[in-house]
Amino acid sequence: MSQESSTSLRTPLGRVRGLGAAKSGTDHFWKSRVTAVANVPLTISFVVIMLMLSKRDYAGAVKLVGQPLVAILLLLFIGSATYHMRLGMQVIIEDYVHSEGRKIALLMLNTFFAIAVGLASAYAILKIGFAG
Amino acid sequence: MARTGPAERPLSPHLQIYKPSITMVMSILHRITGAALFFGTLLLVIALVALASGSSAYGTVQAIYGSIPGKLVLFGYCWALFHHMCGGIRHFVWDTGAGLERGTRMKLAWGTLFASLGLTVLAFAAYLAG
């Protein structure tokens, strides 16, 4: 670092801010890791819930998803997973789509899709939960 | 790289020039499973919205998801979920700076594959056992 300070072209203020050329620093990386850590136990609980669901008819499924613990785990999974997948798809788009217009359009679609999936799932879970 | 017209400077070699290695295949699979899971969330939202809509909507979803092609898709979704999860755990190890040596990263790559397949078989066995 001391070596860098004497040879780097970066300004001292730029180095202190640590945000780099994209102006967001490690924000994207960090959010992707935080949601990834959350996703590990939530994914396992999600698969277990889906396995339980596969053995039930409509009434049994409504009853299962309506249980507070199940509903909360599903809501946490949906929130963390849709946030994580939006970050991941953003990187894929930025890697492969270079035309500026298409890139911006796809990045917007990515956000719309993630929010729509997350919100629709959450609405469905809450409706089932509050109806019971 | 995506500028239109031929590049006038040397470009770095890309995937097709390298001999496939297990770490490379796992890296590609991590991205592919991630992208698949992105669209796979549609399977979840459709089932949940159908469940919230009523018994006839849910019955339709059950019939489609319970068919042979439906089950195959769900099986693939389950594997993609576990594979991306195991690949993610491998990335946590690398984030600490550990496990990047040749031997270790090969073991981690194979471990990711076997763990994801093992977990999927486990889930399938649990499904069959009911």
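Okay, let's start with chain B: of its 130 residues, 26% count as buried. Buried here means that 20 or more other C-beta atoms, placed from the backbone, lie within 10 Å of the residue's own.

Quick note on what we're looking at. This is a predicted model, where local features need pLDDT of at least 70 and side-chain atom pairs count only at pLDDT 80 or more, while totals for chains, interfaces and linings use all residues. Residues are numbered from 1 along each chain as its sequence is written, and chains are lettered from A and ligands numbered from 1 in the order in which they are written.

Back to chain B. It has 4 helices and 0 strands, and from the N terminus it runs α-α-α-α. Helices are DSSP runs of H or I with at least four residues, and strands are E runs of at least two. The C-alpha atoms fill a box of roughly 60 × 40 × 25 Å along the principal axes. How does the radius of gyration of chain B sit against a compact globule of 130 residues? The globule would be near 14 Å, but chain B has 20 Å. That radius is taken over C-alpha atoms, and the globule rule is 2.2 Å times the number of residues to the power 0.38.

As for contacts, meaning C-beta atoms placed from the backbone within 7 Å, take those in chain B with a separation of 6 or more: 67% join residues 24 or more positions apart.

Now chain A, with 6 helices and 0 strands. Its C-alpha trace spans about 70 × 35 × 25 Å along the principal axes, and 22% of its 132 residues count as buried.

Conventions: A residue is buried if 20 or more other C-beta atoms lie within 10 Å of its own, exposed if 12 or fewer, and partly exposed in between; C-beta atoms are placed from the backbone. Two residues are in contact if their C-beta atoms, placed from the backbone, lie within 7 Å.
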